[in-house]
Amino acid sequence: MTLGSWRDRIPEKVKGLAGVCVLCVLIVALVLLSGYLSGLVHVPPANATVHVQILEVNDFHGHMAAGQIMNNRPVGSAPVLASYLKAAMASGNADGTIIALPGDVIGSAPPVSGLLMDEPSMLFFNSFANQYCTVGSNAPGVSCNMVATLGNQEFNNGVPEVLRMINGGNGATNITHIVDPYPGTKIDYVSSNVVWTANNTTVLPPYTLRTVDGVTIAFIGADTIKTPTLTTSANVANLTFQDEADSINQYIPEIQAKGVHAIVVLLHEGGTQVPYEGPTQENATMQDAGRVVGIVSRLDPAVDVVLSAHTHEFTNIFLPDSTGKLVLVTQAYMYGRGYGDIDLTIDRSTGEIVGKSAQIVPTYADQAPGTSLDPAATALLSKAQNAVNPVEDQVIGTAAENITIAQNSAGESAMGDLVADEERATMKTDVAFDTSGDVFANISKGTITWMDLYNVQPNSGTLMAMTMSGAQIRQTLEQQWQAPLPTSNLVVSGLSYTWDAAQPAGSKVTSVSVNGVPLNPNATYTVATVDTVTLGYDGYTTFMQGGNMSYGPTDIDALVSYVGSLPQPVNVTVDGRIHRVN
């Protein structure tokens with residue numbers, strides 16, 4: 001049967017209806033097209049919500065090279081971290097990604113970054129910036145994918161160096177620049193609470209706005225108010241570090257007046273939590289509140305997320321703000337050993353965050369994607385390593401015999417004695433303390449290079465001097481056996497003491513002498529140590545009570561100078577300054 005014969009069999013009434021239907025469809029199509037072109041008809045977006053991914057890397061501290069271990073597995077390095085971050089960005093699980101760095105990107109860094117004024121680390125993070133990011137203090141586009149705040153370590157070399165790292169230029173540096181001149185950073189730095197003392201204006205913009213698929217998010221920065229106590233006064237001259245919560249809250253009305261209701265804080269403060277895998281647990285608790293809990297409890301309820309830092313710990317928790325609303329708070333270890341993968345769901349119509357969760361992802365190097373090292377980061381690391389090799393290979397002295405960290409039954413080691421003696425001599429104090437956990441490596445008989453000494457003290461700490469009473473010194477010694485037991489005992493110089501293993505905790509120290517004279521509990525003594533010890537780390541909280549604190553050189557600079565000044569070959573042996581009975 002032909003097509004024509006089928007047409008002939010269709011009733012005339014049906015033919016008429018079909019014609020009317022076709023005409024209706026054409027009319028509707030023309031109306032919709034006309035309305036769309038004139039803007040009179042609203043065409044709703046495909047999705048009512050936007051998913052935003054934030055990748056948090058805190059406290060990187062210039063750890064570009066491999067060699068770290070976490071949970072008995074290799075972890076971290078710039079090439080490994082880059083592989084993880086790029087894999088996360090390519091996952092396609094979000095409408096847009098922003099990389100956020102809540103402080104201490106640089107400072108106290110290993111030689112491959114630290115010896116080059118941390119330019120390699122800044123260049124590393126520049127590699128993640130998209131085309132909308134600009135160099136230095138030039139305002140970036142709203143689609144720039146990089147944001148950061150200052151941490152205390154950014155101030156290690158003073159305000160001019162902070163500004164050089166951001167804005168670029170070689171300044172007064174006398175180093176090899178692997179990109180010459182140093183171009184500055186493409187990271188958008190913000191800080192709401194670091195102000196010029198003279199006029200109370202912020203050193204950097206207090207916040208920045210980012211747009212992802214049509215929705216806008218505000219990022220506010222704040223550094224720990226403790227920064228002036230963590231560096232030399234000259235490094236923060238003319239600056240005031242204002243209360244973190246007050247400073248953050250101050251800018252909320254201004255941000256909301258711009259129609260922005262999704263607000264994220266980059267906070268260089270933190271706490272401690274027992275790590276776990278997977279998304280944020282609703283019933284999670286803090287192991288040590290630190291300062292972050294108190295800060296969050298005072299935040300304006302408009303704040304949705306706090307990316308924390310500073311304590312070098314795991315954090316993935318909901319904490320209550322000033323009204324009891326739950327704020328998502330994260331932190332991803334330190335040194336590039338992990339990153340926070342934060343997922344935000346934002347309502348298009350209101351701009352509000354309606355869903356938030358996070359996972360803290362360790363960057364293990366023995367599993368994918370860490371087994372496929374990022375080529376660009378690998379090339380950058382190679383250039384930096386070649387630049388610092390001449391310094392690392394410099395000969396400082398000669399060791400007559402092996403100098404080891406192995407302790408005798410009393411808890412004394414030759415290397416611990418050497419480090420403590422160096423700190424006391426450098427700071428010209430009565431006594432010196434450090435923890436054995438701050439003394440990492442042996443020195444073999446023979447040539448001593450700069451790198452050999454760096455391996456002994458790789459934490460890039462800063463020497464400090466302070467005053468303590470005799471009673472406080474004795475209490476500090478007793479804290480070696482407190483509960484919970486510290487992970488490291490103390491190395492000492494300028495004093496000797498006897499402890500009795502049979503006595504209970506709190507009463508183990510039976511005698512103490514300072515330079516051969518019995519310790520006077522009422523006398524005041526000058527004490528040398530490193531900055532991390534004064535923070536009460538590992539339970540040695542009595543150090544936090546020290547007074548009249550002053551700062552000296554970095555621990556590696558002091559150790560290099562001290563070993564180089566000793567009669568050669570250097571001969572260090574355990575001398576019995578720590579004596580044990582029972």
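Student: What makes cysteine 133 and cysteine 144 count as a disulfide?
Tutor: In this predicted model, the sulfur atoms of cysteine 133 and cysteine 144 are 2.0 Å apart. The cut-off is within 2.5 Å, so a pair at 2.0 Å qualifies.

Student: How many disulfides does a search of the whole structure find?
Tutor: One.

Student: What is the handedness of the link between cysteine 133 and cysteine 144?
Tutor: The link is right-handed, with 100° about the S-S bond.

Student: Where do the two cysteines lie, and what does the pair tie together?
Tutor: Cysteine 133 and cysteine 144 both lie in the loop between helix H5 (119-126) and strand E5 (146-149). The pair therefore ties together parts that are 11 residues apart in sequence.

Student: Is cysteine 133 buried or exposed, and how do you know?
Tutor: Its relative accessible area is 9%. Buried means under 20%, so cysteine 133 is buried. Cysteine 144 has a relative accessible area of 1%, so it is buried as well.

Student: Which residues of H11 and H14 meet?
Tutor: H11 brings Leu418, Asp421, Glu422, Ala425 and Thr426. H14 brings Asp555, Ala558, Leu559 and Tyr562. The residues of this contact divide into five nonpolar, one polar and three charged.

Student: Why is H11 called largely enclosed?
Tutor: Because 10 of its 14 residues are buried. Among them are Ala414, Met415, Leu418 and Val419. The buried set also includes Asp417, Glu422 and Glu423.

Student: What follows H11?
Tutor: Lysine 428 does, and its phi is positive, near 55°.

Student: Which other residues have a positive phi without being glycine?
Tutor: Histidine 61 is one of them, with phi about 50°. Histidine 312 is another, with phi near 60°.

Student: Where is histidine 61, and is it buried or exposed?
Tutor: Histidine 61 is in the loop between strand E1 (49-56) and strand E2 (68-70). Its relative accessible area is 2%, under the 20% cut-off, so histidine 61 is buried.

Student: What label does histidine 312 get for its accessible area, and why?
Tutor: Histidine 312 sits in the loop between strand E12 (303-307) and strand E13 (314-320). Its relative accessible area is 22%. Buried needs under 20% and exposed needs over 50%, so histidine 312 is partly exposed.

Student: Where are there cis peptide bonds?
Tutor: One joins alanine 368 and proline 369, with omega about 5°. Proline 369 is in the loop between strand E16 (353-362) and helix H10 (375-392). Another joins glutamine 568 and proline 569, with omega about -5°. Proline 569 lies in the loop between H14 and strand E27 (578-581).

Student: What does phenylalanine 155 touch, leaving out residues up to four places away in sequence?
Tutor: Its contacts include Leu150, Val162, Val194, Leu239 and Phe241. Asp223, Thr227 and Asn235 are also among them.

Student: How do you know whether serine 247 is buried?
Tutor: Its relative accessible area is 2%. The limit is under 20%, so serine 247 is buried. Serine 247 is in helix H7 (residues 244-250). Leaving aside neighbours within four places in sequence, serine 247 contacts Ser192, Asn193 and Gln242.

Student: What about the protein as a whole: how many helices and strands?
Tutor: The secondary structure comes to 14 helices and 27 strands. Of the 582 residues, 51% count as buried. The C-alpha trace spans about 120 × 50 × 50 Å along its principal axes.

Notes. Residues are numbered from 1 along each chain as its sequence is written. This is a predicted model: local features need pLDDT of at least 70, side-chain atom pairs count only at pLDDT 80 or more; totals for chains, interfaces and linings use all residues. Side-chain values use heavy atoms; hydrogens and water are left out. Helices (H or I, at least four residues) and strands (E, at least two) are DSSP runs, numbered from the N terminus. Buried means under 20% relative accessible area, exposed over 50%, partly exposed in between (1.4 Å probe, protein chains only). Contact means heavy atoms within 4.5 Å. Ala, Val, Leu, Ile, Met, Phe, Trp, Tyr, Cys and Pro count as nonpolar, Asp, Glu, Lys and Arg as charged, and the others, Gly among them, as polar.
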